[in-house]
Amino acid sequence: MKNRIFLTLLSALLVAAGSADRTAAQNLIPKPVSVVHGDGFVTLAPYRTVEVTDGALAPLADYLAEWLPAGRVRLSLDGPQGVPSGGYRLEVGHEGISIAGVDYSGVWNGIQTLLQLLPAEIYSRGVRPESLTLPAVTVEDWPAMEYRGVMLDVARTFVPVEQVMRLVDNISRHKINRLHWHLADDEGWRVEIKSWPRLTEIGAWRGPDTPVWAVYGAWDRRYGGFYTQDEIRRVVDYAAVRGVEIIPEIDLPGHSRAAARAYPEILCGYTPSLTSGAGYDTRNVFCVAREENYAMLDDIIGEVAALFPSSTLHLGGDEVETAQWRQCPHCKALMAERGITDAARLQDIFMARVIDIAARHGKQAGVWNEAAAGANIPLSTTVWGWETPAAARRVAADGYPTVVCPGEYFYFDMRQSPTDIGHIWAGIVTLEKVYSFSPEALGFSEAEAANVRGVEATFFSELLLENGPGLLDYQLFPRVCALAEVAWTPAAGRSWDDFDGRLRQRGAEGAPSHFDRLAAMGIAYRAAPPVSPTQAPLKKPAATFTSSMTGIAREPFSRVADYSGAARTDAACTEGDTFQWTFDQPVAASRIDVKTGYDHLQRGGVPVGRVEVSYDGLAWETAARMHDLKATVTLDPARPIRALRIVSETHGNGETFTIIQPLKIR
Ligand code: TNX
């Protein structure tokens, strides 16, 4: 291989323009370690030359030629000495531009900094300015953390290949270097496995008449999708050009309902009660004692390992419902044989075996923090600390290489403000909260911090389908920008006000704000909290609540009768089940919102049915239809109503319970 390759060789003309001392920020994100301004500005002539000194950099020359319409740039691997992977030196001078990386990803990162020195329009495809001016500058830069990740759940909502590649584009521009791809969960199996084809033939599709039941945003239609192995390879290659390593995850042994609907034999050896699930088998955990399961997992892990060059394969290990093992004669026998009294410890046996299988296929395992709670998990296993900061700290203290991703900082499926869309189990994850993260601030000792490989933002996609693909951008940006800076820039060099300014304010010399760049990239980022319309206060007329179903003590029916909270039944609703409010006095209302299921999620309610009203408490008429679990049914009764009821028209809701929200009467 020649060690000098010249691409698109045309003469380049570099002109000094102006000599204003430019010390003001260029609004770079993440903020570099060192930026030294040189003499004035450099204008790139409308000729493009990208020279690379190493054949391995050829893909980056192509990439740069696509984005940078003008200028002479030299890419090389003789980056600054003694700095970590991903480091680079970028020099913009009157003789030209050079990017010297310590490695391939260093050159990638230098290119991204260069692009941020240019007008934001360069990010808009199709916009190609004739010439470009940028400040003469020397940037020396390297990451504080080696692992800078984003996790994408494609099980709850399938994300097509093109959108995954677009996400890779958008995160890699922020020097994020890992995509953790959550490929299998209860609601879908998304990667083609040739040796076990039903995983996708059956496990990738959910709906009213399919073995995997309908949930999340699609009830009365078939919904799903999966990636062929060729598509996976395409995404892997695309990401590699952009310095992004893809870490696949197959979530085991729990979160495996989609696999279990395709191959029910993987489940524990007992006959489950199906009454609370209206006939569905809700089980989702691989049997630990079934030997054939490990042969199957050897095939699956082998195929996944061959698809992904990453040395890490994430095997899940979170939220295992051990009740299934406790009812299984084979698991119980295994417990007796091994002298185990706590069924949760069966997970150690299971994880040790699949970690060993992964090792035989040349991979080190990754697991969620629960899996590392027991014995048997080798210290070569990377552990994702997600439940709480304390859980992340514990695995680091135990000596595991740790990816820190606690919900309250880095779960980007959480709301960004009280009026935003999102989960809330880990609280409100504001941009400022993300930015405030550091292991030191959370009390990690020096030894614990030394085990931190880096940080990761997760996007679990329960809410994506019902809100549309724009939600992915909205939830990730600009929070990914804050994550990128947390991962890249040492805590001592970070300031919230400064970061917020770089996001929103243009520089003195016309440098774009980072929001300008996101907009030019076509990202539907979130700039400010949504304003909720001012509404008339809620009325709470006295009522009684009755149902054909049975409530549970923890969330009793009295809660919806007195408007204090949601109520929950002990089983899934079936055809003809009713939920009825009878008011003490006829209620005159301008608007009544009727909602079933979780407050923020299309799940756990009455997916298909009707809302009926009665003006006299005797005769009923249909006022609205509930369809596909759509969030809220709104009524505007013409006359005062005496009673209102929801009538289920579906057999089962994919759960073992039904949630009824209090009425909102105005
Ligand atoms: C917890 S994160 C989960 C996911 C959910 C997520 C929602 C993790 C290991 N388990 O199954 O999708 O919360 O935020």
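Q: How far is D413 from an oxygen atom of the ligand?
A: A polar side-chain atom of D413 lies 2.5 Å from a ligand oxygen. For E462, a side-chain N or O atom is 2.5 Å from an oxygen atom of the ligand.

Q: How much of the ligand's accessible area does the protein cover?
A: The protein covers 94% of the 360 Å² that the ligand has on its own. Areas come from the Shrake-Rupley method with a 1.4 Å probe; for residues, only the protein chains shown count as cover.

Q: What kind of model is it, and what are the ground rules?
A: This is a predicted model: local features need pLDDT of at least 70, side-chain atom pairs count only at pLDDT 80 or more, and totals for chains, interfaces and linings use all residues. Numbering runs from 1 along each chain as its sequence is written, and side-chain values use heavy atoms, with hydrogens and water left out.

Q: New topic. Where is P69?
A: In the loop between α1 (58–67) and β5 (71–76). Helices (H or I, at least four residues) and strands (E, at least two) are DSSP runs, numbered from the N terminus.

Q: Is P69 buried or exposed?
A: P69 is buried, because its relative accessibility is 14%. The cut-offs are under 20% for buried, over 50% for exposed and partly exposed in between, with a 1.4 Å probe and protein chains only.

Q: What does P69 touch?
A: R48, I122, R128, P129 and L132, leaving out residues up to four places away in sequence. Contact means heavy atoms within 4.5 Å. P69 and R128 are 59 residues apart along the chain, with their C-alpha atoms separated by 6.0 Å.

Q: And S98, where does that lie?
A: In strand β7, residues 96–101. S98 is buried at 18% relative accessible area. Beyond four places in sequence, S98 touches R74, R89, L90 and E91.

Q: How many residues of β24 are buried?
A: Five of the six in β24 (609–614), so the strand is largely enclosed by the rest of the structure.

Q: Which strands does β24 pair with?
A: Five bridges join β24 to β25 (621–626), antiparallel. Another six bridges join β24 to β27 (641–648), also antiparallel. Pairing needs at least two DSSP bridges.

Q: Who stands opposite E612 in β25?
A: T622. In β27, S648 is the bridge partner of G609.

Q: What about G617 in the hairpin?
A: G617 takes a positive phi near 85°. That hairpin of β24 and β25 has six residues between the strands.

Q: Last one: what is the order of the three-strand open sheet?
A: β26-β23-β29, with antiparallel pairing. β26 (633–635) and β29 (664–665) stand at the edges with a single partner each, so one side of each has no neighbour in the sheet. Two bridges join β23 (592–594) to β29, and D593 has K664 as its bridge partner there.

Terms used. Polar contact = N/O pair within 3.5 Å; in protein donor to acceptor, adjacent residues only side chain to side chain.
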